[in-house]
Amino acid sequence: MSITREQIRELAEFQDTNSSAVSFYFQPSTPRNKAHKEDTILIKDLAREALHRLEGKSNESRGQDNKKKKDGVRADLDRIVRLSGELRSNGTHAKGVFACAAQNIWREYDLPPTLSATQLFVDRHFHLKPLAHLLGAFPRLGVVLVDRHKARIFDLRLGELTEREGLFQSLSRKGRSDGYAGYDGGHAQRRVDDEARHHFKAVAETLKDSLEKGVYEKWILGCQDVHRSQLEAQLPPYVSAALLGRFQADPGHITREEIRTRAEQIVQNWQDERRRELVTQAVSQARSHARGVTGLRRVLRSLELGEVQALLLGENFQSHAVECAGCGHIDAHLVNFCPICGKATQEIVDVGEAILPWVIRRDIEMFYVKDDPEFDKVGNIAALLRYRSENVQPIAPAAADVLAKAGAVYPGRLRRFASR
Ligand SMILES: [Zn+2]
């Protein structure tokens, strides 16, 4: 089963106070035939190391809870090692496993085989960075293949291609069988042209409908050049604007694998362009103190205020921060007590990972940025804002405390409070 946005959001919500949430990412190595054994050995090693770290930590704290926690994690790790035997048969997919035996959680998902490595984590939250990489700006995407007689429409979601519907112009066969010759030739030709026009119009209508209903946000067209102009002439402007790109294809002969590869290439190019554009915008907007911010401290603040439209994070961004156990506030200053609600804070080793649940929950567009000296200079983290709230009053600690006790998820409800 491949993963949906909804399921990623569910994973982002999860936490285990005993820190026994296990995240496992498997990226098949190539060449596959010879590498399988190495994969298995690698997974066993990762599991052993994780247990080892757990033993190390458990010396600090003893007790019944701790034993239960260790047993739970061990059971999950054993199951992952057993799973490594099956992973070979499914060589074209990567895999994500999210488990917490203590809370009876075991989720297994097929992922596109584009993960950076096979990795294993045991922590309070599930490790989401590899999923955030996949999500990026991955729109709900339709791939449409057309010729004069038929149209095939596919969904492309996180590397998974599913055929959704087909439109067929059955009358054209009749038109065609009449032939173009003879005294009726001109008439038959006109009929064929009319039918083709109807067919392309029907395809355009279907697309418009799917875009309006939000089934797709963007789409990609695969067809022969001769049919391209005929279809495009029928597209409403709104549908044309949502077209990401085109490739040459004969819908009757192209394989699924080819469709997927061609479409993903187009998405990749579009994402690269989008990322470059967002980096440029965020940095220049920040420079003019407009709709952009750079640097960890400012970006965290904008995230908490709910201003962020798009987040840009350096691929290797690493920074410590603290997180409040009470209200969830994250602070770039390593303070012992939360400046919002006064509760004790916990150190987080990787703030880039800690903010992902927020980002995913709020559907913030996010990109990892690699090898960009300009971006490096501004601190490897930046955001483009929807708006910039000016003169925000600080949140009164007492009020924040009340909200936190009432179960408010910071910053959602506090934000409204803060911007009043
Ligand atoms: Zn707090």
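Which helix holds the place of His-227?

Reply: His-227 is in helix α7, which covers residues 225-232. Helices here are DSSP runs of H or I with at least four residues, strands are runs of E with at least two, and both are numbered from the N terminus. The model is predicted, so local features need pLDDT of at least 70 and side-chain atom pairs count only at pLDDT 80 or more, while totals for chains, interfaces and linings use all residues. Residues are numbered from 1 along each chain as its sequence is written, and side-chain values use heavy atoms, with hydrogens and water left out.

His-227 has a relative accessibility of 10% and therefore counts as buried (under 20% relative accessible area, with a 1.4 Å probe and protein chains only). Setting aside residues up to four places away in sequence, His-227 touches Val-146, Asp-147, Arg-148 and Phe-200, where a contact means heavy atoms within 4.5 Å.

Leu-54 can be described in the same terms. Leu-54 sits in helix α2, residues 32-58, and is buried, with a relative accessible area of 6%. Beyond residues up to four places away in sequence, Leu-54 touches Lys-69, Lys-70, Val-73 and Val-122. Lys-70 is 16 residues from Leu-54 along the chain, and their C-alpha atoms are separated by 7.3 Å.

Helix α10, residues 296-305, is mostly covered, with seven of its 10 residues buried. These are Leu-296, Val-299, Leu-300, Ser-302, Leu-303, Glu-304 and Leu-305. An α-helix has 3.6 residues a turn, so residues three or four places apart point the same way. Gly-306 follows α10 and has a positive phi, near 75 degrees.

The cysteines come next. The SG atoms of Cys-324, Cys-327, Cys-338 and Cys-341 coordinate the zinc ion at 2.3 Å; donors are N, O and S atoms within 2.8 Å of the metal (3.2 Å for Na, K and Ca), and since water is not among the atoms, sites may look incomplete. The angles among the four donor atoms run from 96 to 118 degrees, and the site is tetrahedral, a label for four donors with all angles between 85 and 135 degrees. Along the chain the donors follow the spacing C-x2-C-x10-C-x2-C. Cys-327 lies in the loop between β12 (321-324) and β13 (330-331), and Cys-341 in the loop between β13 and β14 (345-348), so this pair ties together parts 14 residues apart in sequence. Cys-327 is buried at 4%, and Cys-341 is buried at 11%. Cys-223 also counts as buried, at 3% relative accessibility. The disulfide count is zero, a disulfide being a pair of cysteine sulfur atoms within 2.5 Å.

The largest pocket has a volume of about 1200 Å³. Of its 40 lining residues, Arg-124, His-125, Glu-323, Ile-348 and Ala-354 are the closest to its centre. Elements giving two or more residues to this lining include α2, β12 and β14. On a 1 Å grid over the protein atoms alone, a pocket is an open set of points with protein on both sides within 12 Å along at least five of seven lines, and lining residues have an atom within 4 Å of a point. Grid points are joined across faces, edges and corners, and a volume is the space filled by probe spheres set on the points.

Methods
Buried means under 20% relative accessible area, exposed over 50%, partly exposed in between (1.4 Å probe, protein chains only). Four donors count as tetrahedral if all angles lie between 85 and 135 degrees; four count as square planar and six as octahedral if opposite donors are over 155 degrees apart and all others between 65 and 115; anything else is irregular. On a 1 Å grid over the protein atoms alone, a cavity is a set of points where a 1.4 Å probe fits but cannot get out, and a pocket is an open set with protein on both sides within 12 Å along at least five of seven lines; lining residues have an atom within 4 Å of a point.
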